[in-house]
Amino acid sequence: MRADLTICAAYNAFVSTILVTGGAGYIGSNTTLQLLDAGYDVIVADNLSRGHREKVLPERLRQVDLNDTEGLLRVMAEQPIEAVIHFAAYIAVGESMKQPELYFKNNTAGSLSLLTAMVKANVKKIVFSSTAAVYGMPSKVPIPEDLPYAPINAYGESKVMVEQLLRWFDEIHGMKSVCLRYFNAAGADPQGRAGEDHDPETHLIPLMLRAIQTGTPMTLFGDDYPTPDGTCIRDYIHVTDLARAHIAAVKHLSAGGESKKYNVGTGSGFSVKEVLDAVERVTGKKVPHTMGPRREGDPAELVADSSRLRNEQGWSPVYSGIDQIVETAWAWANRPK
Ligand code: UFG
């Protein structure tokens, strides 16, 4: 055998391939970068309905819908898949309360189709993008993982249903899963390679940055919450730290670990007004804004107790200071386009 082929064969024997669904989206594209940096090979399955084609190298992209079980099976047949990281989902809470059918079809039925393909292809490890929305209005903050499911919107319910599917796929098919319940993903790749580009954008930090760029005021949703300054408190986690949690989860599963559920947050909360202060401090510019009424369905305070992830997987946030989150998001918002 030629030397280069020998090297190539040896390389392939050691490089694990991860199938990333939704890799053309915000968290999926950032996690793909972290996986590649960590030496994994990545194939992205995305239907591009809300993701961005330019975020994925063409040779990695397979344009396929989650509900196309046969299409997913063909992707899984291309090469051995070590694990699936499943991001592909709709994420807009407000939309989910107008068109719940979209959320149950894409998020829940789509996940069932993916799990069905995985069983057929004998791929038995999955990291699932879950959400703090599974807790609804939590009875305890910081929120531990053992609070009961209590979603207050169809988006949260669509994710709860997948967590429940995963329990049965483990029990019956031996499929091991890590459900990562994200708090507020924010920020951009520190090297400027990927960031947040939702359409429409609903998230606080990009909307504040856009208001600075356009001069058009954004609205703060309510200042009459039972919090010190009256605005909602959230746990902002840098997308790179979130991506690192996925790699820790893959390593756990590759080592033969059991199914797990983990919150991914920093354990520190910032109010909307504190985020506004941070944005003005970092950018050196005023955020044009007005004060509006509460947005329906917003809990006053969502902060993660992520001690389980820290203690069991040795993960801890590195990039999630609020200033660093805003700095990277601001650099992304000002990238050359
Ligand atoms: N906010 C404003 N003005 C805006 C947008 C947001 O004041 O224009 C406030 C919200 O009311 C909230 C905070 O900023 O208090 C954060 O809002 P985001 O929309 O950025 O994020 P959410 O906390 O509403 O949602 C996030 C995820 C959801 C997930 C939810 C879990 O984006 O996908 O956490 O509770 F469901």
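Predicted model: local features only at pLDDT ≥ 70, side-chain atom pairs only at ≥ 80, totals over all residues.

Me: Which element has the lowest mean pLDDT, and which the highest?

Reply: Helix α1, residues 3-14, has the lowest mean pLDDT among the elements, at 52. Strand β6, residues 176-182, has the highest, at 99.

Me: OK, on to the ligand. How many residues surround the ligand, and which are the closest?

Reply: There are 22 residues around the ligand. The closest are H203, T219, R234, R295 and D298.

Me: What kinds of residues make up that shell?

Reply: The shell divides into 14 nonpolar residues, five polar ones and three charged ones.

Me: Where are the N or O atoms that sit by the ligand's own oxygen and nitrogen atoms?

Reply: One is in the side chain of N184, 2.9 Å from an oxygen atom of the ligand. R295 also has a side-chain N or O atom 2.7 Å from a ligand oxygen. With T219 the atom belongs to the backbone: a backbone N or O lies 2.8 Å from a nitrogen atom of the ligand.

Me: And how much of the ligand gets covered?

Reply: Taken alone, the ligand exposes 700 Å², and the protein buries 90% of that.

Me: Which elements give two or more residues to the shell?

Reply: Those are α7 and β8, with β8 spanning 218-221. Strand β8 gives the most, with four residues.

Me: Let's stay on that strand. I spotted M218 there. Is M218 buried or exposed?

Reply: M218 is in strand β8, and M218 counts as buried because its relative accessibility is 9%, with the cut-off for buried being under 20%.

Me: What does M218 touch?

Reply: Leaving out residues up to four places away in sequence, M218 touches L204, L207, M208, A211, V287, P288, H289 and T290.

Me: New topic: loops. Where is D189, and what does D189 touch?

Reply: D189 sits in the loop between β7 (184-186) and α7 (204-214). Beyond residues up to four places away in sequence, D189 touches N30, L33, Q34, A194, V239 and T240. D189 is also buried, with a relative accessible area of 3%.

Me: What about M137, where is that one?

Reply: M137 lies in the loop between β5 (125-131) and α6 (154-173). M137 is partly exposed, at 46% relative accessible area. Its contacts, again not counting residues up to four places away in sequence, are A150, I152, G297, D298 and P299. D298 is also among the residues closest to the ligand.

Me: Which residues are joined by cis peptide bonds?

Reply: V141 and P142 are joined by one, with omega about -5°. P142 is in the loop between β5 and α6. Another cis peptide bond joins D199 and P200, with omega about 0°, and P200 is found in the loop between β7 and α7.

Me: Last thing. What is phi for L48 and N122?

Reply: Phi of L48 is near 60°, a positive value in a residue other than glycine. For N122, phi is near 60° too, and N122 is likewise a residue other than glycine.

Me: Are those two buried or exposed?

Reply: L48, in the loop between β2 (41-46) and β3 (61-63), counts as buried at 16% relative accessibility. N122, in the loop between α5 (100-121) and β5, counts as exposed at 56%.

Terms used
Residues numbered from 1 in each chain as written. Heavy atoms only, no water. Buried < 20%, exposed > 50% of the residue type's maximum accessible area, 1.4 Å probe, protein only. Contact = heavy atoms within 4.5 Å. pLDDT = per-residue confidence, 0-100. Near = heavy atom within 4 Å. Polar contact = N/O pair within 3.5 Å; in protein donor to acceptor, adjacent residues only side chain to side chain. Areas by Shrake-Rupley, 256 points an atom, 1.4 Å probe, with all protein chains shown as cover. Nonpolar A, V, L, I, M, F, W, Y, C, P; charged D, E, K, R; others polar.
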